[in-house]
Amino acid sequence: MNHADQRSIASTYAWLLQECINARSLTKGKIIHTHMIKTGFKPAIFLGNRLIDMYSKCMNVMDAQQLFDKMSERDVFTWNNLIAGYVRNGSIEDAHQVFDKMPERDTVSWNSIIAGCSQLGNEEEALKLFRQMQRERLKPTQFTFASLLRACASLPFLQQGKQIHASAIKFGFEIDVFMASALVDMYSKCRSVVDARHVFDKMPERNVVSWNAMISGYSQNGHGEEAMKLFQQMQFANLKPDHSTFACMLSACACLTALGHGKQVQGYVIKVGFEVNVFVGSSLVDIYAKCGSIEEARQVFDKMPERNTVSWSSMIVGYAQNGLGRDALQLFEQMRLALVEPDRVTFVGVLTACSHAGLVDEGWHYFHCMVRDHEIVPDVDHYACMIDLLGRAGHLDEAEDFIDNMPVEADAAMWGALLGACRIHGNLKLAERAAYFLFELEPQNAGPYLLLAHMYAENGCWDDVARVRKLMKERGVKKEPGCSWTEVNNEVHTFVADDIAHQHAGEIYLMLQRLVEQIEMVGYVPHRSILPRDANNENEERAHFYHSEKMAIAFALINTPPETIIRIVKNLRVCGDCHTFTKLVSKIVGRQIILRDTTRFHHFKDGLCSCGDYW
């Protein structure tokens, strides 16, 4: 066979293998490889590289490795293809071993291993490799920086992210839309939304990925209103949103409990002809659940043509957060029958459901099931759920023993769950232990100080109350201002405690006075401050009377028809007085009020709350 014939045959094989790669057809690729062997055709390096590429992209990296081992000649592309194959198959250690053995490396080699470490949970190694790459004086590309920014976003390492940003500017990549979108994503995930928006605003051109990154950044950081404004700007820019845009927007609406806006987004999805795929469907389930409309969430869930673990988990968590524990457990069993594998989030929902429903035995069962049947190693969230479950049920000694014997160190969420249980069950001694751990773990969080001070006050320990207050003052601890939101006529309204500057303050205060007069007739007695009443805390008492959620409820009553469900979101745990106030208001006005605080959902109706006065 002359050289011309060999080149022709090699070109044919190369074309056929590329077709197999494009179709991800391992079976046909093996047939072609077998034909080469049977006909005695010995592929040149480039064709061997194409075979390795085919095997790795068809998820058969073992055959790729065997072929690699048999090759008498290799070039840098051979090594790069094998590294990429191991990365694609999730085998970062094997990829690293191949990388370490390379006789010479190019930029693609470094990009492949850095990207692999970034994608497969070894982010710090990705940053370390970049420093090595710099020492070898190889010029990074936009793909290098994109992988590094992904690593910084995952950790999250803001300062190192800024250093990577500076390097990208040095090499002239900042204005690239691909790089800029990665920067927006990194800053957003490092909770530096201002920097993210600065990069976004400087972009000379933007694509749908850029807009999605910024909208998602606002949503992830609790700036739902800004996300909605940006979505409107995106529409004015005549850029067509995609499924990711809608998922981000629905998440933003869920943060604000802006059900009206959520329904508008859902209507837009239908109007423009988008299929409600698994991601948008899961986001719709999430927003309805987070707005307390659990029946509508279930309707969306039932109509989804396809469901994945996220879909099932969203519905289970929704049931759990809304106090429907047994419904959550029933759905989890249906999920198992459907052979959908649960993940860590699913079990957080299941254990939360057990906690809110007081199902201690079931909680232990599912905790052990998670490890035994699904090989999920419990993390801090699962342990916190178990402590909350035991504490809510009054098993405080068992909860304390659980904390003391866990294989992980207790964090603030766990001690906070125990402290909350001590408050409900009046265990002051254990509350002191939990609170002092929290004082060390989160010294600037006012919640534990105030909760312990309340318990001292309830027991008449005024010297201890003064001691806690003094500690707060010495440490410069300030209570986070209470803030509540409600949506009226598709507009989100924000309230703070004793908000005399609000444009409707006069009407709101008058409505509150009327409500208090009415509920006092059915037994309402305001909860008092944790300090004895004196001239020094009159302002605190006034602010207590005009807490933000009371202002939001009054505003919603003034501005909505009588049959409308009132939905409120608060940035802090609802206090006992506001809880009692809202229960009684729901009774005298005949309205359902759904209030979401940092702990759970409270469904108030006919003078009762779904939490059973335990939150």
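**Pocket, rings and cores**

Modeller: The lining of the second largest pocket has ten nonpolar, five polar and four charged residues. Keep in mind that this is a predicted model.

Colleague: How many residues line the second largest pocket, and which lie nearest its centre?

Modeller: The lining has 19 residues. His33, Pro43, Leu67, Lys70 and Met71 lie nearest the centre. The space in this pocket is about 500 Å³.

Colleague: Which helices each supply at least two residues of that lining?

Modeller: Helix 2 (26-38), helix 3 (45-57) and helix 4 (61-70) do.

Colleague: On to the rings. What makes Phe200 and Trp211 an aromatic pair, and of what kind?

Modeller: Their ring centres are 5.1 Å apart. The cut-off for a pair is 6.5 Å, so they count as one. The planes stand at 80°. Edge-to-face needs over 60 degrees, so this pair is edge-to-face.

Colleague: Where do the two residues sit in the chain?

Modeller: Phe200 is in helix 12 (residues 193-202) and Trp211 in helix 13 (residues 208-220). They are eleven residues apart, and the pair links distant parts of the chain. Both residues are buried.

Colleague: What kind of pair do Phe231 and Phe246 form?

Modeller: Edge-to-face again: 6.5 Å centre to centre, with 70° between the planes. Pairing takes centres within 6.5 Å, and an edge-to-face angle is over 60 degrees, so both conditions hold.

Colleague: Why does the pair tie together parts that are 15 residues apart in sequence?

Modeller: Because Phe231 lies in helix 14 (residues 224-236) and Phe246 in helix 15 (residues 243-256).

Colleague: How do you know whether Phe231 is buried or exposed?

Modeller: Compare the value with the cut-off. Buried means under 20% relative accessible area. Phe231 has 7%, so Phe231 counts as buried. Phe246 has 0%, so Phe246 is buried too.

Colleague: How many aromatic pairs does the structure hold?

Modeller: The structure holds 23. Ring pairs also link Phe130, Phe145, Phe171 and Phe173 into a cluster.

Colleague: Last topic, the nonpolar cores. Which residues touch the most other members of the largest one?

Modeller: Ile387 and Leu418, in a core of 165 residues. Helix 27 (residues 446-458) gives the largest share of this core, nine residues.

Colleague: What does Ile387 touch, not counting residues up to four places away in sequence?

Modeller: Ala399, Phe402, Ile403, Met406, Met414, Ala417 and Leu418.

Colleague: Which residues does the second, separate core include?

Modeller: Among its 32 residues are Phe495, Leu512, Ile568 and Cys609.

How values were computed:
Residues are numbered from 1 along each chain as its sequence is written. This is a predicted model: local features need pLDDT of at least 70, side-chain atom pairs count only at pLDDT 80 or more; totals for chains, interfaces and linings use all residues. Side-chain values use heavy atoms; hydrogens and water are left out. A nonpolar core is a set of buried Ala, Val, Leu, Ile, Met, Phe, Trp, Tyr and Cys residues joined through side-chain atoms within 4.5 Å. Buried means under 20% relative accessible area, exposed over 50%, partly exposed in between (1.4 Å probe, protein chains only). Helices (H or I, at least four residues) and strands (E, at least two) are DSSP runs, numbered from the N terminus. Contact means heavy atoms within 4.5 Å. On a 1 Å grid over the protein atoms alone, a cavity is a set of points where a 1.4 Å probe fits but cannot get out, and a pocket is an open set with protein on both sides within 12 Å along at least five of seven lines; lining residues have an atom within 4 Å of a point. Grid points are joined across faces, edges and corners, and a volume is the space filled by probe spheres set on the points. Ala, Val, Leu, Ile, Met, Phe, Trp, Tyr, Cys and Pro count as nonpolar, Asp, Glu, Lys and Arg as charged, and the others, Gly among them, as polar. Rings of Phe, Tyr and Trp (its six-membered ring) pair if their centres lie within 6.5 Å; planes under 30 degrees apart count as stacked, over 60 as edge-to-face and the rest as tilted.
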